[in-house]
There are 2 protein chains.
Amino acid sequence: MRLRGCRALERLRALIGPSLREAAGLMEALLRERGWMLLWASCRAYYEGRGASESSRGDVLVMVKPDRSVIVHGPRGFKPMNWQPSGSTVSVGVEAGSLVVKALRRNPRELLVLECGEVYLVGGLLEPRSPEFYMYMSESEIRDVLAANPGLIEDGLRIVGVELPVEPGFVDMYGYDKDGRLVVFEIKRVKAGESAARQLLRYIEALRSRGLSNVRGVLLAPDFTESAIRLLETSGLEYKRIDLRRLYELASRRLLGRGSRDLLDYLGRG
Amino acid sequence: MRLRGCRALERLRALIGPSLREAAGLMEALLRERGWMLLWASCRAYYEGRGASESSRGDVLVMVKPDRSVIVHGPRGFKPMNWQPSGSTVSVGVEAGSLVVKALRRNPRELLVLECGEVYLVGGLLEPRSPEFYMYMSESEIRDVLAANPGLIEDGLRIVGVELPVEPGFVDMYGYDKDGRLVVFEIKRVKAGESAARQLLRYIEALRSRGLSNVRGVLLAPDFTESAIRLLETSGLEYKRIDLRRLYELASRRLLGRGSRDLLDYLGRG
DNA sequence: AAGTAAATGTCGACG
DNA sequence: CGTCGACGTTTACTT
């Protein structure tokens with residue numbers, strides 16, 4: 001057995017170039033113990049469900065996490081070649097000279113089958129420790145910072161509420177300008193395209209059809225496509241650039257804060 | 001050195017429980033040689049770019065592919081915790097007692113920094129062989145099967161063309177019905193929601209504004225949301241269910257075909 | 001369970 | 001290089 005474990009590595013299991021049977025044995029154990037599993041091998045992959053796919057033999061890296069999500073990566077690209085979301089039923093076995101991994105999802109019913117001829121490496125990590133993760137500047141966070149600092153948008157603006165249900169959907173934010181006119185805001189955290197402009201237009205038309213003829217519509221985004229601007233201008237709507245970095249500083253939320261090295265250290269030395 | 005390589009595994013490199021310096025050495029070599037790299041370690045992650053994120057120390061699996069895409073997975077979930085798309089600039093080094101991996105993307109400028117305290121496993125695969133991959137039943141494939149079998153939609157239908165440029169976009173497919181009326185089709189491979197109905201409506205209105213008042217609009221999908229059906233009916237548009245499995249059989253395309261074990265074998269034994 | 005909108009969406013195609 | 005739409009989108013949230 002090429003199973004190894006150092007003092008600080010008690011939770012790690014690894015086999016390098018194992019037989020199919022050895023690989024299957026470790027993988028079964030890892031499935032039972034809810035470990036985080038890794039399989040680097042030469043495989044064929046089959047999938048059928050909402051779509052269907054097939055691949056010829058090639059090098060793939062398969063990850064099975066404790067929550068039974070399955071991710072199959074080929075040697076290129078950010079996106080996995082095949083996958084199965086968490087909660088799948090995963091099984092491992094040796095059939096007809098291949099290590100076969102199956103992952104079944106119900107609702108929708110989808111099956112992923114991996115047929116591995118040669119296994120390069122099998123790894124497992126028991127009781128993995130999840131990092132705490134915090135993502136800044138989601139759309140809702142941008143909205144909250146803007147609602148707290150309406151002067152960033154225009155003078156005399158008073159924000160009254162967020163997430164106003166209108167027709168089929170929600171207005172991100174709304175308030176009254178210095179002249180007392182109702183202003184409705186649509187917020188995008190990335191460059192706003194035509195579809196964002198259409199979304200705003202739809203809300204404005206819904207409000208106007210309810211008699212609110214004097215409503216302004218403003219699209220807020222770090223940037224705008226030409227076609228978005230065209231649609232906004234022909235529809236009598238407005239748009240205003242927002243500075244994400246400025247908002248980020250205003251939010252200035254930190255999960256880890258003190259002690260932890262800041263990203264800006266690295267950015268400085270880039 | 002815990003570097004290992006068997007006959008059939010000449011392309012594999014692996015270090016189990018290496019020192020940070022050993023790990024960095026192997027990773028630098030793999031970067032130079034355009035290998036496929038794997039790092040299983042206890043890390044903190046920082047990201048700033050279109051968004052910004054931060055994580056506390058925890059177990060992560062980092063993949064760096066030959067095309068310089070970087071994918072960082074935590075122990076849970078289908079989606080990576082952090083990532084960088086292909087074409088990034090990746091560097092590895094030891095700084096202040098940590099193995100530091102940086103991945104920089106330009107345009108948009110985004111930086112990902114990993115700070116690893118303990119390395120469980122470093123693996124590398126040289127000259128990885130990409131599986132050939134084929135995905136069945138994309139929207140275009142559905143369209144082509146329907147165009148070749150218009151009787152599946154309605155009797156007497158004659159398909160004239162696909163991808164007709166209209167206004168800002170393309171009509172998926174169009175033709176003439178048994179009464180000689182122009183019919184425009186919008187195809188969705190999954191349940192069609194309101195947005196699909198709106199899309200069709202937009203095309204129809206564009207065509208009518210060009211004087212084609214007698215045009216029919218039909219939404220084709222395996223299923224429809226209630227709100228989509230409402231919008232279609234109030235707009236005088238039509239919808240028709242399509243059977244993906246039937247289309248799949250009609251397409252019956254196989255990349256690998258003979259010799260390769262068929263997915264249906266596994267489906268049968270589920 | 002179903003629908004709707006966000007996402008560091010990614011990816012590919014086309015102008 | 002921008003813009004647009006598809007995607008096995010996934011994910012989160014609300015009804």
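How many residues lie between β2(B) and β3(B) in the hairpin that they form?

Modeller: There are three residues between β2(B) and β3(B) in that hairpin. Before we go on, please keep in mind that this is a predicted model, in which local features need pLDDT of at least 70, side-chain atom pairs count only at pLDDT 80 or more, and totals for chains, interfaces and linings use all residues. Residues are numbered from 1 along each chain as its sequence is written, chains are lettered from A and ligands numbered from 1 in the order in which they are written, and side-chain values use heavy atoms, leaving out hydrogens and water.

Strand β2 (residues 36-48) of chain B runs antiparallel to β3(B), and three bridges join them. Helices (H or I, at least four residues) and strands (E, at least two) are DSSP runs, numbered from the N terminus, and two strands count as paired if DSSP finds at least two bridges between them. One of the bridges links B:Glu48 to its partner B:Ala52 in β3(B).

Now look at which way the side chains go. In a regular strand they alternate between the two faces of the sheet. In strand β3 (residues 52-55) of chain B, B:Ala52 and B:Glu54 point one way, while B:Ser53 and B:Ser55 point the other way. All four of these residues are buried, a word used for under 20% relative accessible area, with exposed meaning over 50% and partly exposed in between (1.4 Å probe, protein chains only).

Strand β10 (residues 133-136) of chain A is joined to β3(B) by four bridges, and the two run antiparallel. Here A:Tyr134 stands opposite B:Glu54.

Let us step back to the whole interface. Contact means heavy atoms within 4.5 Å, and 88 residues of chain A are in contact with 88 residues of chain B. The size of an interface is often given as the accessible area lost when the parts come together. Chain A and chain B bury about 8000 Å², 64% of it on carbon and sulfur atoms; this is the accessible area (1.4 Å probe) that the two parts lose on being put together, summed over both. Four salt bridges are counted between the chains, each a side-chain nitrogen of Lys or Arg within 4 Å of a carboxyl oxygen of Asp or Glu. One of them joins A:Asp59 and B:Arg11 (2.3 Å, N to O). On the chain A side, strand β9 (residues 110-125) gives the largest share of the residues that touch chain B, 10 residues.

Chain B has its own strand β9 (residues 110-125), and B:Glu110 is found there. B:Glu110 counts as buried because its relative accessible area is 1%. Its side chain makes polar contacts with the side chains of B:Tyr47 (2.5 Å) and B:Arg105 (2.8 Å). A polar contact is a pair of N or O atoms within 3.5 Å; within protein, one must be able to donate a hydrogen and the other to accept it, and residues adjacent in sequence count only if both atoms are side-chain atoms.
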